[in-house]
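Please keep the view open as you read.

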Amino acid sequence: MPELPEVETVVRELRPLIVGKTIDRVEAIWQKTFVDQAGLSLSGQIIQKIDRRGKFIILVLNRSYLIVHLRMTGRLSLSNGQGDLSDLPHLRCLIQFKDGSRLLFEDMRKFGRIYHVKEVEEVLKNVGIDALDTHLTFEHFYDYLKNRKMGVKAFLMSQKWIAGLGNIYTDESLFLAKIHPEQTCDQISPGQGRKLFTAVQEILHRAVENMGSTISDYRDAYGNPGRNQLYFKVYRRAGKPCFACGALIEKKKVAGRGTHFCPQCQKLRGSK
DNA sequence: CTAATCACCTGAAGGC
DNA sequence: TGCCTTCAGGTGATTA
């Protein structure tokens, strides 16, 4: 479900709602959802701030961290504590605050996780720089690309170098940059690389402005869907005409995922 | 190092 | 109506 823009939307919405709240207790309704590796109590700790890196949400507490990953169908929302929890069949974890309100984690498919750790790196050690981090320059980006024999879609999706892109925004970025998803990284020229770098930023910024994309499950912290799906150029448009050239959009499995691209605009290139 | 497959889960959609 | 297969905004482990 959520990629960087959806996670960013949730973080921005939750920030004014939960920063400053004191935790009373955490209840795991589905055991596997909550992974406690901190070895200290959550009770009495105050949420100092809420941040994000890639698709991870980081709650900074006094003496430890809660790190949330929504995976495919996870949702976070704040409840005033009055509602009936039995109305929420997919509730997996609940963070009860001293003021009576609570942060709910619902997740139909049970892939999502909430980690309680003493150090952020315990969870994020293999996660690269955030795709919208202002410290990420083109030179930096191209250094990651240039000697890699991996396909560019797999590279963008991996999270290891650049974090935040998932299946939707990878396909949309590659279309905007006119690069074939199976293009090998080391065959991407500096000029193409520059186009890809700016395409990624443009696609992600626009998606954040549109409060993310909703295909079926994603909802923000208020339960609202995003509207960026209205602007997809290739994602889920297989068999439809390309907006740029009219050729039919293709779909094939690349890097293990359903991948959408225009065979005319995004040609595989053999050399630089 | 890179790619492919499976595993983890539930539910929706399409074919017959 | 119902059964069966496939697919889904993700990622981690394991196997070639």
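This is a predicted model: local features need pLDDT of at least 70, side-chain atom pairs count only at pLDDT 80 or more; totals for chains, interfaces and linings use all residues.

Residues are numbered from 1 along each chain as its sequence is written, chains are lettered from A and ligands numbered from 1 in the order in which they are written, and side-chain values use heavy atoms, leaving out hydrogens and water.

Start with DNA strand B. Around it you will find Trp30, Lys32, His90, Met108, Arg109, Lys110, Phe111, Arg148, Lys149, Met150 and Gly151. Sugar and phosphate make up 72% of the atoms of DNA strand B that come within 4 Å of the protein. A residue is near a strand if one of its heavy atoms lies within 4 Å of it. Look at the phosphate oxygens: a polar side-chain atom of Arg148 lies 3.4 Å from one, a polar backbone atom of Lys149 is 3.2 Å from one, and a backbone N or O atom of Gly151 also lies 3.2 Å from one.

Now turn to DNA strand C, which 24 residues surround, the closest being Met1, Lys55, Ser216, Tyr235 and Arg257. An N or O atom in the side chain of Lys55 is 2.8 Å from a phosphate oxygen of DNA strand C. The bases take part too: a polar side-chain atom of Arg71 lies 3.0 Å from a base nitrogen, and a backbone N or O atom of Asp217 lies 2.9 Å from a base oxygen.

Definitions and conventions: A polar contact is a pair of N or O atoms within 3.5 Å; within protein, one must be able to donate a hydrogen and the other to accept it, and residues adjacent in sequence count only if both atoms are side-chain atoms.
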